[in-house]
Amino acid sequence: MAIPTFLVTGGAGFIGSNFILLARQNAWAKIINLDKLTYAGNLQNLTSLATDPDYIFVQGDIGDRPLLDQILQKYQPDYIINFAAESHVDRSILTPEIFIQTNVLGTFHLLEASLNYWQNLDPAKQKTFKFLHISTDEVYGSLAPTEPPFTETNLYKPNSPYAASKASSDHFVRAYFATYGLPTLCTNCSNNYGAYQFPEKLIPLMILNAVEQQPLPIYGDGQNIRDWLYVADHCEAIYRVLTDGRIGETYNIGGLNELTNLAVVEKICVLLNELRPCKNFDYGSLITFVRDRAGHDRRYAIDCTKITQELGWQPKENFGSGMVKTVHWYLDNSLWLARVRSGDYKIWLQQNYGDR
Ligand code: NAD
Ligand code: DAU
């Protein structure tokens, strides 16, 4: 039986490349990967697909309408999954405009091109077509310690330029369903971790700094709480929503692992003391408290009842099992790391941590 074709945007990034690898491994679909290859995009993540005839890469911008029209006509995808975004909160504080450009305007152009494509499909294919937008729990704002986790009906209260841009894109996705009938779905998930994450984000940054015996910079008092979702669990959830989710709906996806940032970094240090021991040295001694992030959300937590009850999904990994895999991956992939850390990465470290 023929398998469907997915147009995946942002597939050279962290979650997108994990999703593509899983999709090809399980023969879920043929993949067309449209990615601009910003600093966060890395084709090294996908080298195992170099000879796969059912994987095609196109370099380009989701805001490039003529290119989108051309790709849609040529490859006739059954589903579109939009991962492409500027994704780092700290960068959005320093340079917000590109977040509006890609996350808001880029998503708008992708919706416009998708709508035009969908309206001109033959009736059978039009009936089954879906557009899935990947979003974040950050759109719901910050929780007080005793507040219940975010559900799909929480109000949007974004606090960072990144979260505001994602919130805006979610609203456009919703509007294209309500106004034009485009068959959309939206997922809002918590903090992902795992292989291939660019080392500007908390977990890979801390692993790498620790291995090099550099300070581990914890913002503020380290008591901010995030919910940690293993990336493979997230990818499975995306596939479940894509195949069986109800059109027009939003699904929250979480890892059921609420932890303070300090607890996360301490866990990394304990694992490194076991896996990469250094004589008379405790990685925990590198922990350093630095100036807080502006507008730093205190707590995120996700209520996954809807996806669990409707689609039977729940995370397989707990934080302990996921972190063992993750730390091993970073210790075993020094070539990947050396490549992503050359060039612009050093400039970013100086910009974000230089005077903290
Ligand atoms: P990432 O930064 O690792 O990857 C983003 C990818 O998008 C990169 O490959 C980049 O080259 C590409 N891209 C950026 N601008 C583009 C454009 N204009 N056109 C085409 N491609 C472009 O991000 P990620 O962590 O993999 O996140 C993927 C999606 O999931 C994002 O939409 C993000 O908001 C969302 N999300 C991420 C997390 C997380 O913890 N990482 C959690 C919740 C939601
Ligand atoms: O919640 C989902 C979001 O998770 C996604 O939408 C974003 O794309 C993703 O980047 C992530 O955002 P966060 O801001 O939560 O992730 P980050 O890894 O940047 O930071 C996690 C926590 O750790 C946060 O409270 C800030 C803190 N932190 C981060 C860095 C990079 C530090 O204390 N020190 C650091 O050096």
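The crossing of H9 and H11 is right-handed; a crossing has this hand if the near helix is turned clockwise from the far one by less than a right angle, and is left-handed if anticlockwise. The model is predicted, so local features need pLDDT of at least 70 and side-chain atom pairs count only at pLDDT 80 or more, while totals for chains, interfaces and linings use all residues. Residues are numbered from 1 along each chain as its sequence is written, chains are lettered from A and ligands numbered from 1 in the order in which they are written, and side-chain values use heavy atoms, without hydrogens and water.

Helices (H or I, at least four residues) and strands (E, at least two) are DSSP runs, numbered from the N terminus. The axes of H9 and helix H11 (residues 319–332) come within 10 Å and cross at roughly 60 degrees. Axes are lines fitted to C-alpha atoms, for helices over the stretch in contact, and angles run from 0 to 180 degrees between N-to-C directions. H9 and H11 are therefore oblique to each other. Angles under 35 degrees count as roughly parallel, over 145 as roughly antiparallel, 65 to 115 as roughly perpendicular and the rest as oblique. Contact means heavy atoms within 4.5 Å. On the H9 side, the contact residues are Val 264, Lys 267, Ile 268, Leu 271, Leu 272 and Leu 275. They meet Phe 319, Gly 320, Met 323, Val 324, Val 327, His 328 and Leu 331 in H11. The residues of this contact divide into 10 nonpolar, two polar and one charged. Here Ala, Val, Leu, Ile, Met, Phe, Trp, Tyr, Cys and Pro count as nonpolar, Asp, Glu, Lys and Arg as charged, and the others, Gly among them, as polar.

The axes of helix H4 (residues 97–119) and helix H6 (residues 161–180) come within 8 Å and cross at roughly 15 degrees. That makes H4 roughly parallel to H6. The crossing of H4 and H6 is right-handed. Its contact residues divide into 11 nonpolar, five polar and two charged. Among them are Phe 99, Phe 108 and Trp 118 in H4, and Tyr 162, Phe 172 and Tyr 180 in H6. Ile 100 is also found in H4. Ile 100 is partly exposed, with a relative accessible area of 46%. Buried means under 20% relative accessible area, exposed over 50%, and partly exposed in between (1.4 Å probe, protein chains only). Ile 100 and Ser 168 are 68 residues apart in sequence and 9.0 Å apart in space, C-alpha to C-alpha.

The largest nonpolar core has 73 residues. A nonpolar core is a set of buried Ala, Val, Leu, Ile, Met, Phe, Trp, Tyr and Cys residues joined through side-chain atoms within 4.5 Å. Phe 6, Phe 19, Ile 81, Ile 203 and Ile 307 touch the most other members. Beyond its neighbours within four places in sequence, Phe 19 contacts residues including Trp 28, Phe 83 and Tyr 239. Apart from this core lies another, of 23 residues, among them Ile 32, Val 58, Ile 71 and Phe 131.

His 234 lies in helix H8 (residues 231–244). At 0% relative accessibility, His 234 counts as buried. Its contacts beyond four places in sequence include Ile 15, Cys 189 and Asn 192.

Two loop residues complete the account. Leu 256, in the loop between strand E10 (250–253) and strand E11 (258–260), has a positive phi near 60 degrees. Leu 256 is exposed at 60% relative accessibility. Asn 280 has a positive phi of about 55 degrees, and is exposed at 79%.
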